[in-house]
Amino acid sequence: MTRYRVLRLDEAFRFKCVRCDFCCGTGPNVSLTAFDIVRIAKFLGIGWRDVLKSYVKVIIADIVPFFSLRDKGNGECVFMERKPSGETLCVIYPARPMRCRLYPVIIESLKPERFYLDLMCPGVDKGSETRVSMRLIEEYVRERREHYRRLFRLVYEEGLEPQDAVERLLEEVWKEAEGGAEWADLDKLEMLGSV
């Protein structure tokens, strides 16, 4: 079986979250942007440094920093909890990363004309037909593009060490959120939808 199905942006598919732990309990392989990190920090009521220290892995590949969610040591996302019934629960659900909002859809391009549907997700082909919100895709692409544009500027143009670039970027984004940036408003983000 092929793991991914290629779909056009306007193509419908069937999906219903079955509250299993496939996406949150087998990785996690969730890359983050500075925007995701700051939203999580604001939601938890802590600073971005605390989020970075406790919940995020910073991987420096050559000189380019890459952020991803930590796991609990057993593959489960650090933010996943279980109800007594066994259903999973995301403790930061309103501030969950953009990749989580989109799953089981995976977008691999900054100019998407199609996306990939993860057929390993038990909720695929269940429930009613749905489409991915174009506004959500546009915001996800905008944030990814802006995140990497800024990181590259700090590392390649300004010559900062990768760790210094990470700190500068997160401080800039934090100040934007403090100033009322639209991307930091969780209610507005929720209006973009999810899968």
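Me: How do you know that E3 pairs with strand E5 (residues 64-69)?
Reply: Two bridges join E3 to E5, and the two run antiparallel. Strands pair if DSSP finds at least two bridges between them, so these two qualify. Strands here are DSSP runs (E, at least two residues), and helices are runs too (H or I, at least four), numbered from the N terminus. One spot to look at is Ser31, which stands opposite Ser68 in E5.

A word on the model: it is predicted, so local features need pLDDT of at least 70 and side-chain atom pairs count only at pLDDT 80 or more, while totals for chains, interfaces and linings use all residues. Residues are numbered from 1 along each chain as its sequence is written, and side-chain values use heavy atoms, with hydrogens and water left out.

Me: Why is Ile63 called partly exposed?
Reply: Its relative accessible area is 32%. Buried means under 20% and exposed over 50%, with partly exposed in between (1.4 Å probe, protein chains only), so Ile63 falls in the middle class. You can find Ile63 in the loop between E4 and E5.

Me: Why does one side of strand E1 (4-8) lack a neighbour in the sheet?
Reply: E1 stands at an edge and has a single partner strand, so one side is left without a neighbour. That partner is strand E9 (residues 114-118), paired with E1 in the antiparallel sense over five bridges. Tyr4 stands opposite Asp118 in E9.
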